[in-house]
Amino acid sequence: MRIYEITLFITNMAVILGCILLARKRKRPFQVYAWATAITTVLSSVQMITEGYRWQMIPVYAASLVTGVLALRCLQKSRQSKARTDEQPEKPHRAAKRIRHGIAALLFLVYAGMSVALPTLLPVFSFAEPQGPYSVGTTSLMLEDPDREETATADSDDHRKLMIQIWYPAKAGTGTGPAPYIEHLPEILDGLRQAITLPPFLLGQLKYVHTDAMQNAVLSGEQERFPVLLFSHGLTGFRNQNTFQVVELASRGYVVVGIDHAYDAAAVVFPDHTATLKLENLSGFEAYKDKSKVWVQDAKFVLDQLERLNAADPKGMFSGRLDLDKVGMFGHSFGGATAAQMLIADDRVKAALNMDGTLYGQPVPEGGFGKPYLQMNAELSVSRNVFEKSLDQAVQKSGRSREDYEQFWDESATRRKRAAEGEAYSVTFAHANHMSFTDFYLFSPLLHPKGAEPRQMQSSINALTVAFFDRYVKGNPAASIREVAASLQGVTIQ
């Protein structure tokens, strides 16, 4: 809960409880409840104006309704008592009175519990403060590749378009304000609903989540040029899905470029249209070959455009400021596989980090990639026991044979093993699952797997990510992935 939300909850609960107790001792309880209604209404209005309304706070806002009903009830009783001045009031039985008080107390506890549970379980969360020496800025660009047709649409004149977001070291105190976590939230939530059948209204509070990056801030002048990292999301993901990680890297002196892969992302909002998610029922390494090629072409095209931006940025911000001799790439899931493929496909990429991505695309060469490579695994993704326990359910749900799943598992394990050869590292996070490498589990404390607390996971991921890219992109020999991994709880390294 946010500061004003917490204040409003405590105050409103105290007002309800206090005015009930006080009203019994006053001759005019209606006035007590009337004042309580006015106070809770004003406080609720202040919170909505300062922090913004969200439906999870409805029980707290309803405090004014509760006190208002009590006020009307008192007024009604007062009028009835005046009409029966000559009658002897009937005293309630002691047992019945206790039962009524017990029911009232129980209802109050249930109401208070709901008031705190909803905004806590669906929070307006904040990201951990970045630990690097730089402030962080961010800006977004649309790119269009005139040499590639957009195969996801029927229009032959439609060329491949991408949205990218750049996070970068910034001059402190500049920019137009904190960047929102997700710029086009309704479209993204609609895409996520298609992917994970999650009703969009449940996550409407994400519109109030902001990051530590300042929009359109001035690029820092403390360094002449900055190394560059590309980020690729997972299938049905979006470019902001690893904000905890990209902001941290930018604060450490990297220019980080997040790519939205149109029609495979939850949604990509262009100035003139929205590329909505097109889910495809694909399975197996062969089925994903073409899609892997498209994503690799996207990444190569973005690097081409960064070279142009570095040569002559129309806005002047990045001209001559990108160190394109120091380029790395990282990604989650299919985006992680794309980062690995870029080690094969593009000489400009010096090192790659794959977060729990099955190694789709070209088979891993004998002896590994021949470049620095870090594979992060979730224990629940690479555990043979977990695979076998879920196999019957997967076969029943998908209609595929057990043999198909067994062959896919064996090929995945073989590719992971081969990728770990040479100058490569493979780390596994205990109790984690596939989505533990994203922001997703910050959305609600109910979501994450037991034993893999999101903020601890993210801190460990960031520590390893920084050490890896500092060593192999910045060229800092003192950065040790093994030493960092050894210091982290729940992390094992091959």
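This is a predicted model: local features need pLDDT of at least 70, side-chain atom pairs count only at pLDDT 80 or more; totals for chains, interfaces and linings use all residues.
## Nonpolar cores

The largest nonpolar core is made up of 58 residues. Within this core, the residues with the most contacts are Leu 206, Phe 330, Met 376, Phe 429, Leu 464 and Phe 468. Several helices and strands each supply at least two of its residues: helices H6 (185–196), H7 (243–251), H13 (454–472) and H14 (481–486), and strands S5 (226–232), S10 (349–355), S11 (373–378) and S12 (424–429). H13 gives the most to this core, with eight residues.

Leu 206 touches Phe 125, Ile 182, Leu 185, Leu 189 and Phe 443, leaving aside residues up to four places away in sequence.

## Largest cavity

Two cavities of 30 Å³ or more are present in the structure. The largest cavity has a volume of about 40 Å³. Its lining consists of Glu 150, Asp 158, His 159, Lys 161, Ala 262, Tyr 263, Phe 270 and His 273. By residue class, this lining has three nonpolar, two polar and three charged residues.

## Second largest cavity

The volume of the second largest cavity is about 30 Å³. Gln 165, Trp 167, Ala 179, Pro 180, Tyr 181, Thr 211, Asn 240 and Thr 243 form its lining. Strand S2 (159–170) and strand S3 (178–180) are the elements that give two or more residues to this lining. The lining of the second largest cavity divides into four nonpolar and four polar residues, with no charged ones.

Methods
Residues are numbered from 1 along each chain as its sequence is written. Side-chain values use heavy atoms; hydrogens and water are left out. A nonpolar core is a set of buried Ala, Val, Leu, Ile, Met, Phe, Trp, Tyr and Cys residues joined through side-chain atoms within 4.5 Å. Buried means under 20% relative accessible area, exposed over 50%, partly exposed in between (1.4 Å probe, protein chains only). Helices (H or I, at least four residues) and strands (E, at least two) are DSSP runs, numbered from the N terminus. Contact means heavy atoms within 4.5 Å. On a 1 Å grid over the protein atoms alone, a cavity is a set of points where a 1.4 Å probe fits but cannot get out, and a pocket is an open set with protein on both sides within 12 Å along at least five of seven lines; lining residues have an atom within 4 Å of a point. Grid points are joined across faces, edges and corners, and a volume is the space filled by probe spheres set on the points. Ala, Val, Leu, Ile, Met, Phe, Trp, Tyr, Cys and Pro count as nonpolar, Asp, Glu, Lys and Arg as charged, and the others, Gly among them, as polar.
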